[in-house]
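Me: Can you walk me through this one? I'd like the overall picture, then the side-chain details.

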Amino acid sequence: DSGGRGERQGEMDAAALTAAGEAWVAADPCAETREAVRGLLVAKDEDGLRAAFQGRVEFGTAGLRAEMGPGTTRLNDLVIIQTAQG
């Protein structure tokens with residue numbers, strides 16, 4: 001249920017984005033990206049959280065290619081660790 005907020009199908013709601021951000025903060029070994037996500041959570045920056053967590057970097061024919069930054073949609077220490085572990 002989108003709660004009348006006009007969320008697109010498949011789009012994470014605020015609670016899911018917050019949960020993803022909190023899980024990221026708990027697992028991220030890099031202080032810089034961990035603090036960036038913590039800042040998004042404190043600011044309740046739903047757009048920033050969505051940009052960081054609405055999807056995942058995929059391994060393609062050229063390997064992993066994405067902008068560097070926090071979250072599952074960008075390249076960073078945690079995404080590399082998770083990808084290497086399968």
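Reply: Here is a short tour, from the fold down to single residues.

Me: What should I know about the model and the numbering?
Reply: It is a predicted model: local features need pLDDT of at least 70, side-chain atom pairs count only at pLDDT 80 or more, and totals for chains, interfaces and linings use all residues. Residues are numbered from 1 along each chain as its sequence is written, and side-chain values use heavy atoms, with hydrogens and water left out.

Me: Which secondary structure elements does the chain have?
Reply: Four helices and two strands. From the N terminus, the order is α-α-α-β-β-α. Helices (H or I, at least four residues) and strands (E, at least two) are DSSP runs, numbered from the N terminus.

Me: How many residues, and what share is buried?
Reply: The chain has 86 residues, and 31% of them count as buried. Buried means under 20% relative accessible area, exposed over 50%, and partly exposed in between (1.4 Å probe, protein chains only).

Me: And the surface?
Reply: The chain exposes about 5,400 Å², with 51% of it supplied by carbon and sulfur atoms. Areas come from the Shrake-Rupley method with a 1.4 Å probe; for residues, only the protein chains shown count as cover.

Me: Let's go to helix 3. Which of its residues are buried?
Reply: Helix 3 covers residues 46–53, and its buried residues are Gly-48, Leu-49, Arg-50, Ala-52 and Phe-53.

Me: What do they pack against?
Reply: Helix 1 and helix 2. Contact here means heavy atoms within 4.5 Å.

Me: How many aromatic pairs are there?
Reply: One. The rings of Trp-24 and Phe-53 have centres 5.7 Å apart and planes at 65 degrees, so the pair is edge-to-face. The pair links distant parts of the chain: Trp-24 sits in helix 1, Phe-53 in helix 3, 29 residues apart. Trp-24 and Phe-53 are both buried. The rule takes rings of Phe, Tyr and Trp (its six-membered ring) with centres within 6.5 Å; planes under 30 degrees apart count as stacked, over 60 as edge-to-face and the rest as tilted.

Me: What happens at the two ends of helix 3?
Reply: At the start, a side-chain oxygen of Asp-45 reaches to within 3.3 Å of the backbone nitrogen of Asp-47. Just after helix 3, Gly-55 takes a positive phi of about 125 degrees.

Me: Switching topic. How many salt bridges does a search of the whole structure find?
Reply: Three. The criterion is a side-chain nitrogen of Lys or Arg within 4 Å of a carboxyl oxygen of Asp or Glu.

Me: Which residues are linked in a network?
Reply: Glu-11, Glu-46 and Arg-50. The Glu-11 to Arg-50 bridge has an N to O distance of 3.5 Å. That pair links distant parts of the chain: Glu-11 is in the segment before helix 1, Arg-50 in helix 3, 39 residues apart. Arg-50 also bridges to Glu-46, with the closest N and O atoms 3.3 Å apart. Arg-50 and Glu-46 are four residues apart in helix 3, so about one helical turn separates them.

Me: Is Arg-50 buried or exposed?
Reply: Buried, because its relative accessibility is 15%. Glu-46 is partly exposed, with a relative accessible area of 30%.

Me: Where is Asp-28, and what is its nearest side chain of opposite charge?
Reply: Asp-28 lies in the loop between helix 1 (14–27) and helix 2 (31–43). Asp-28 is buried yet has no salt bridge; the nearest side chain of opposite charge, Arg-34, is 5.5 Å away. For charge, Lys and Arg count as positive and Asp and Glu as negative; His and the chain ends are not counted.

Me: So what does Asp-28 touch?
Reply: Leaving aside neighbours within four places in sequence, Asp-28 is in contact with Thr-33, Arg-34 and Leu-78.

Notes: Polar contact = N/O pair within 3.5 Å; in protein donor to acceptor, adjacent residues only side chain to side chain.
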